[in-house]
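Dear colleague,

Please find below the sequence and structure that I am handing over to you. My notes on the findings follow directly after them.

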Amino acid sequence: MLRRSQERPPVHIHSPAEIEKMRVAGQLTAQVLKMIAPYVQAGISTGELDRICHDYIVNELDAIPAPLNYQPSPEYPPYPKSVCISLNHVICHGIPGDRVLKDGDILNIDVTVIKDGYHGDSSKMFLVGNVPLKARRVVEVAHESMVRGIAQVRPGATLGDIGHAIQSYAEAQHCSVVREFCGHGIGRVFHDEPQVLHYGNPGEGLRLVPGMTFTIEPMINAGKRHIKALPDGWTIVTKDHSPSAQWEHTILVTEDGHEVLTQLPGDPL
């Protein structure tokens, strides 16, 4: 996800050849998340999950893990791992390490793969054992928020339509939407225009046209929306320590609607 910025370069419209490369990268990203699912169990460390993902991306998919050593701007230290793993009250950018999963944890695994110069970006939530109702519920609300946002994507719709669909649903469920980070354009560039806010008003913002590709990745908190950055320069947590959840897909605007580039055939969103 992209931290909101005031700099607004032009939005890239992808050619058919570029779209095909985006499809390949998106499908590989989805394969990583499907591969790692059986390993997400109590007793495994987040660092081991990262290692398994790294080896699969590099050795099996012949691709590049985009987060590894990624540095979006000079104030960020290079990201030290190949995927982001965010547990419980971590909103995003959790760094895998020695933390061992235990019964009741929720976690987001965020995967970005580069293949032939193009990025695929997706994340999903995983539940470990007997998860408390409050945490389970925010996972469900975050997923439905993403689904409702994706449903808005079609030529002529606006980014505000997406944000409003997400915000109105999440807040009606007494959850909150993180505002400091957003979805983003993606292609040859990891974090590109447009910025896709997860809140907003219908009919406002950039109008969608075929060939745009971007992520929709709402970060939803069970408590208040306020965030806190940890000293590692990456990890973002809920200020009130309430559980947080996020789901993400890379979306293509088509001539008559949208295509979810990071959804495997036959799999649910």
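A salt bridge is taken here as a side-chain nitrogen of Lys or Arg within 4 Å of a carboxyl oxygen of Asp or Glu. This is a predicted model, in which local features need pLDDT of at least 70 and side-chain atom pairs count only at pLDDT 80 or more, while totals for chains, interfaces and linings use all residues. Residues are numbered from 1 along each chain as its sequence is written, and side-chain values use heavy atoms, with hydrogens and water left out.

Salt bridges

By the rule above, the count comes to 10 salt bridges. One of them joins the side chains of Arg148 and Glu144, at 2.8 Å from N to O. Both residues lie in helix H3, 4 residues apart, which is about one turn of the helix; helices (H or I, at least four residues) and strands (E, at least two) are DSSP runs, numbered from the N terminus. Arg148 is partly exposed, with a relative accessible area of 37%, and Glu144 is likewise partly exposed, at 26%. For these classes, buried means under 20% relative accessible area, exposed over 50%, and partly exposed in between (1.4 Å probe, protein chains only).

A further salt bridge connects Glu259 with Arg23, again from side chain to side chain (2.8 Å, N to O). Glu259 belongs to strand E16 (residues 258-260) and Arg23 to helix H1 (residues 16-36), so this pair ties together parts that are 236 residues apart in sequence. Glu259 is partly exposed at 25%, and Arg23 is partly exposed at 28%. Through shared partners, salt bridges join Glu20, Arg23 and Glu259 into one network.

The side chains of Asp105 and Lys102 also meet in a salt bridge, at 3.3 Å from N to O. Here Asp105 is buried, with a relative accessible area of 1%, whereas Lys102 is partly exposed at 45%.

Packing of H3 and H4

Helix H3 (residues 133-151) packs with helix H4 (residues 159-172) at an angle of about 150°, and their axes are 8 Å apart. The axes are lines fitted to C-alpha atoms over the stretch in contact, with angles running from 0 to 180 degrees between N-to-C directions. The two helices are therefore roughly antiparallel to each other; the classes are roughly parallel under 35 degrees, roughly antiparallel over 145, roughly perpendicular from 65 to 115, and oblique for the rest. On the H3 side, the contact (heavy atoms within 4.5 Å) is made by Val141, Glu144, Ser145, Arg148 and Gly149, and on the H4 side by Ile162, Ala165, Ile166, Tyr169 and Ala170.

Backbone features

Most residues other than glycine have a negative phi, and most peptide bonds are trans. Asn69 has a positive phi, near 65°, and lies in the loop between strand E2 (64-65) and strand E3 (84-87). Asn69 is exposed, with a relative accessible area of 55%. Leaving aside residues up to four places away in sequence, Asn69 touches Pro78 and Tyr79.

His93 also has a positive phi, near 65°. This residue lies in the loop between strand E4 (90-92) and strand E5 (106-115), and His93 counts as buried at 7% relative accessibility. Finally, a cis peptide bond joins Glu193 and Pro194, with omega about 5°; Pro194 is found in strand E9 (residues 192-196).

With kind regards
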